[in-house]
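Q: I've got a model open on my screen and I'd like to learn how to read a few of its features. Can you walk me through them?

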Amino acid sequence: MDRDLLRQCLTYHGESFFNKLKCEQTENPDFQAVVSDLCKVSCESKSDGQDSPLVEQFIARKADILFCPAWKTTTRQEEEHEEDDDAAEPYAIMPPVELFMEVSYEERRAMLYRDLEKGDILVGRINNIREYGFFLTLLCTAGGLKRDVEDLELSALCHIREIPSTGSHDDPLSYFQTGDFIRAAVKDIDRYQEKITVSLQQASLSHNLEHVKLGVVPREELPIHYSRSVCAAADSTETYERILKSCHGYHNPSVVAYLLEKVGVSDTHPPSMMRGLQSKLFQEEDFASAIRKKQSASWALKCVRAGVGYFKHSHHVEAMNEYNKALDIDTNNVEALVARGALYANKGSIMKSISDFELALKTCPDHRNAKKYLCQTLVERGKQLEEQEKLVTAEGLYRRALSLDDSNPEAQEALSKITDTIQKSIRLREEAVAKEQDKATSSQISAEKLRKILKEEKRMKKKRKRSASSSSSSNTSSRNSSPSSSSSSSRRRSKKKKKKRRRSERGSKRHRRISSRESSRRREEGKSEKDRKVKEEDEVEWYPAPPNTAATFLNQKGGPGFGEEEEEGEVMVKDADDRRISQLYSLSAASEDEESDSSRRENKRREREERRKNSLSRSLEREERGSRESLDKSRERGREDNRKDRRDSDSKRRSRSDENRKRKVSCSSAESEYSRKSSFKSEYSGNSGSASKRVERGMRHDSSKRNSFDGGRCESRGREEIQEAARETDNRKGKVVDGSRRSDVGNGKRPEGAGSHNRQCSVTSVPEGRATKDLPSNLLSIFNQIAQFEKQKGAGPK
Amino acid sequence: MEGPSSRLPPSLLPASRDWMVGRRDSGGDAESDRDIKTHFRVCRFIMETGVKLGMRSVPVATACVLYHRFWERASVHAYEPYLVAMSCVYLAGKVEEQHTRTRDILNVSHRYFNSGSAPLECDKEFWDLRDSVVQCELLILRQLNFQVSFEHPHKYLLHYLLSVKSLVNRHAWSRTPIAETSWALLRDCYHGAMCIRHIPQHIAIATLHLALNSYGVELPVGEKEWWQVLCVDVTKAHIDAVVSDLLQLYDMEAKCV
């Protein structure tokens, strides 16, 4: 309890109050501590008990609140000097109230001498200038104290030393005239002899008034309260209330807030004498903001839960809506951010998902799922970047993933891999530089080399030409994989099956592309064919299982995309590429699986035919799953080629098919040529820069590996001859061509390494075989003729 | 006019509904006494809600005045007082340009009645509650003939405080928490209908008078007392009336809580 305040109160209220106080505060230990001290005070109290006992009772009862040190929220506030600007008056600046109270001259004088302090500001008029200074008649106070002093006949001396001099020779007093209004700081007060000295030196101001300029002031700049009190004194009808209501400041709508701050009362934790309303009783979690926060979180969580429900049933749009709703309700809701990030990752918007996860981790740095997902997504993004040849950035991402979760095996693996790759590429570059230097020195060989290069280029051009119609060639090749079956094809049928064929063609194209990848890799490794086969089987197990990140997991489910934004769209395209590739991997693996099966069970044709159907339908599915945009171009081309194909004579096709057949037979290594072509095509069709880069790299590889490639072809030639012979015998029998059986026979003869051939058949031969049965006999004979012709042609070069 | 009281679900009703019990068979005096206590409790609710909603003093005062004026015209039997109070808070926020959301009002009220409970779910009940608050707001507006802006003593009190302050020695003033005390007294006025029975200036002067009195601060006396200057028509009797009303409210607190 504030002893001074209590003593002051006791002095005022007297004995009876003290008794009530003792009665009411018996249980207050604070009061018991000070009560003995207060006994003396109450005895010498002058009070005559003028206040009602009810008020005393109230004060006594609330004494623990009233005299509690914590009750006083105002800290000793330094009085700020307001700029006396009428326009900016934030509250009603009133004339001193003693003016209206008509307090006696003596009392006011005594009050002023009591309350005036060093550093206060006084305003006065010069009435006398002497050689040692000038005298001021005081008009009013300004800043700190607001008192009515005009009629108190107070004068103050300003000594010449207290006037700041502007020049060394001038008399400072020459700047002042009698009648000037001067604002000065109180230098000293002699309370007994009632003498005031003032100063014009800024240094003599109290520190909170330092910005006030001392010296001469024009009449307009005299304090507002002074001018108002002059008005009030002149007009006796003016009352305090009327002046108050005529002030700007009184009508200021935020005057309460302004003045509350000025008097130092808090309005957010307002004081109250009611015991039930003490601010210490209010708990922070009962406040509106706290409840709202909690409520928003719970509402948002509900939405997230609903969204996860949708997500589990693959309703991705609805899930996204729920997540966004959750984030609307509660921005930065961690669960919603994580869930949305996961959804983004699943939809392939990896950048968006990363930003979501990071936001979640910002608000909740230890969120386990957020960490895990972000790690996986970073690895995923790193892989994307790796494919775009942005190795260093990708490496950075892997490192960041590891910094989140240093035990993540994928990130570790990827990081070690990429560091290897980077080192390798650096080495390669160095080697290339060294080679170039070599070249420069040996000019003799360069001529030869140039010739070689020219030759190669010619060959390339040829291939390119072919690749320009590669879809058609691949089309025919797939159909003609067994020549007799191709010979049985008719224009009408091709029209009928146009659509189907186009699809299967695309599927097979993809096959080729992927197998080319495999084979190129294999070539790189320089393995034998048998090894290759083994590898293929290995891959059967390896490819279908995509990396276990959430992102890839969902990449394979097409679904409606969210790629509205540009950036996302870009990512989507890239993703589509990836997706296709991974699908192809798994698919080729599947068909290879099938092959090995089929080679084992040669005689169970029917069973296999069924399986072929399956593979066909699978290829269709695959097709649908593939991303539309990226395929549009090739589809167009395919259509064109088809048309051309139909228009062209069969002979043209046959001549091509001849080559195709050869290549087909020669297994995947031969196919790699096709794949290169197709990749060229993609280059020409103006794919993204990264794609073309990739292709360039491929070219480099090709040229370096040409030799081993040729060797592979030679090897397969022997087998090819056998097949050829078989085919001839078949034809001599003059039977109606049955492509499927043919391929079976072929398979039987070549249990290993015939994979691609078989695959092509399996895709296309079934419908053809069926169609043949429906054809009229005259057409059949024509086909036979064509087939024979083809055979002769094919056999010719041999 | 159909009262919205029927729409207030039990979750928002206070645990003690003793003001309803035995209302019919009690006499006039006892009944009015019970009503006063009810209104005291509801005003306490408004104050507490106001603090928890972060409302300033003036909007809370407006809410209380709306509340008291409403019951001047309506019978306590017809409407649910706490619902009226919630709508008053909502309406006062609009009137005094410190908008409060119904959701926050509902949240804080719900927690006031069910302390420590989980926040409301966003379900039908929530929307029903919200609807009833909004409907009741319209009812209040009609009952008060759309006269919902009032002059409050707050502005007067603050200006008086500054004027009185310059009469007192600055050190004595800074030692004495007169501003806090008078502000607290002024806020506490709104627990009862006294806030609409007295004119704002009188209330401001009375609270300042009581605050000065509590600390035994003596002001210079001239021809007129300081309060006579601040408001021309105020008399000592006025001040005493306000003070005695106020002191009754403090007595009421002990009886009601």
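Q: Let's start with A:Glu194: how does A:Glu194 count in terms of relative accessibility?
A: Keep in mind that this is a predicted model. "Partly exposed" covers the range between under 20% (buried) and over 50% (exposed). A:Glu194 has 32% relative accessibility, so A:Glu194 counts as partly exposed. Look for A:Glu194 in chain A, in the loop between β4 (181–190) and β5 (195–199).

Q: What is the phi of A:Glu194 near?
A: The phi of A:Glu194 is near 55°, which is a positive value in a residue other than glycine. Chain B has a case too: B:Phe146, also not a glycine, has a positive phi near 60°.

Q: Where does B:Phe146 lie, and how does B:Phe146 count at its relative accessibility?
A: B:Phe146 is in the loop between α5 (124–143) and α6 of chain B. Its relative accessibility is 57%, and exposed means over 50%, so B:Phe146 counts as exposed.

Q: Now rings. How is a pair of aromatic rings described?
A: You give two things: the distance of the centres and the angle of the planes. Over all chains, this structure has 21 aromatic pairs. One of them is A:Tyr250 with B:Tyr156, a tilted pair with 5.7 Å centre to centre and 50° between the planes. This pair joins two chains, because A:Tyr250 sits in the loop between α9 (240–246) and α10 (255–263) of chain A, while B:Tyr156 belongs to helix α6 (residues 153–165) of chain B.

Q: Are A:Tyr250 and B:Tyr156 buried or exposed?
A: Both A:Tyr250 and B:Tyr156 are buried.

Q: Which residues do ring pairs link into a cluster with A:Tyr250?
A: The cluster is made up of A:Phe100, A:Tyr240, A:Tyr250, B:Tyr156 and B:Tyr160.

Q: Which charged end sits over the ring of A:Tyr250?
A: That's B:Lys155, with its charged end 4.4 Å from the centre of the A:Tyr250 ring. You can look up another case at A:Trp299: the charged end of B:Arg103 sits over that ring, 4.4 Å from its centre.

Q: Last one: which residues make the nonpolar surface patch of about 290 Å²?
A: Three side chains to click on here: A:Leu450, A:Ile453 and A:Leu454 make that patch. Take A:Leu450, which is in helix α18 (residues 443–468) of chain A. A:Leu450 counts as exposed because its relative accessibility is 52%, and exposed means over 50%.

Definitions and conventions: Residues are numbered from 1 along each chain as its sequence is written. Chains are lettered from A and ligands numbered from 1 in the order in which they are written. This is a predicted model: local features need pLDDT of at least 70, side-chain atom pairs count only at pLDDT 80 or more; totals for chains, interfaces and linings use all residues. Side-chain values use heavy atoms; hydrogens and water are left out. Patches are made of residues with over 30% relative accessible area and no salt bridge: like charges are joined within 9 Å, nonpolar side chains (Val, Leu, Ile, Met, Phe, Trp, Tyr) within 5 Å. Accessible areas come from the Shrake-Rupley method with a 1.4 Å probe; for residues, only the protein chains shown count as cover. A salt bridge is a side-chain nitrogen of Lys or Arg within 4 Å of a carboxyl oxygen of Asp or Glu. Helices (H or I, at least four residues) and strands (E, at least two) are DSSP runs, numbered from the N terminus. Buried means under 20% relative accessible area, exposed over 50%, partly exposed in between (1.4 Å probe, protein chains only). Rings of Phe, Tyr and Trp (its six-membered ring) pair if their centres lie within 6.5 Å; planes under 30 degrees apart count as stacked, over 60 as edge-to-face and the rest as tilted. A charge sits over a ring if NZ of Lys or CZ of Arg is within 6 Å of the ring centre and within 35 degrees of the ring normal.
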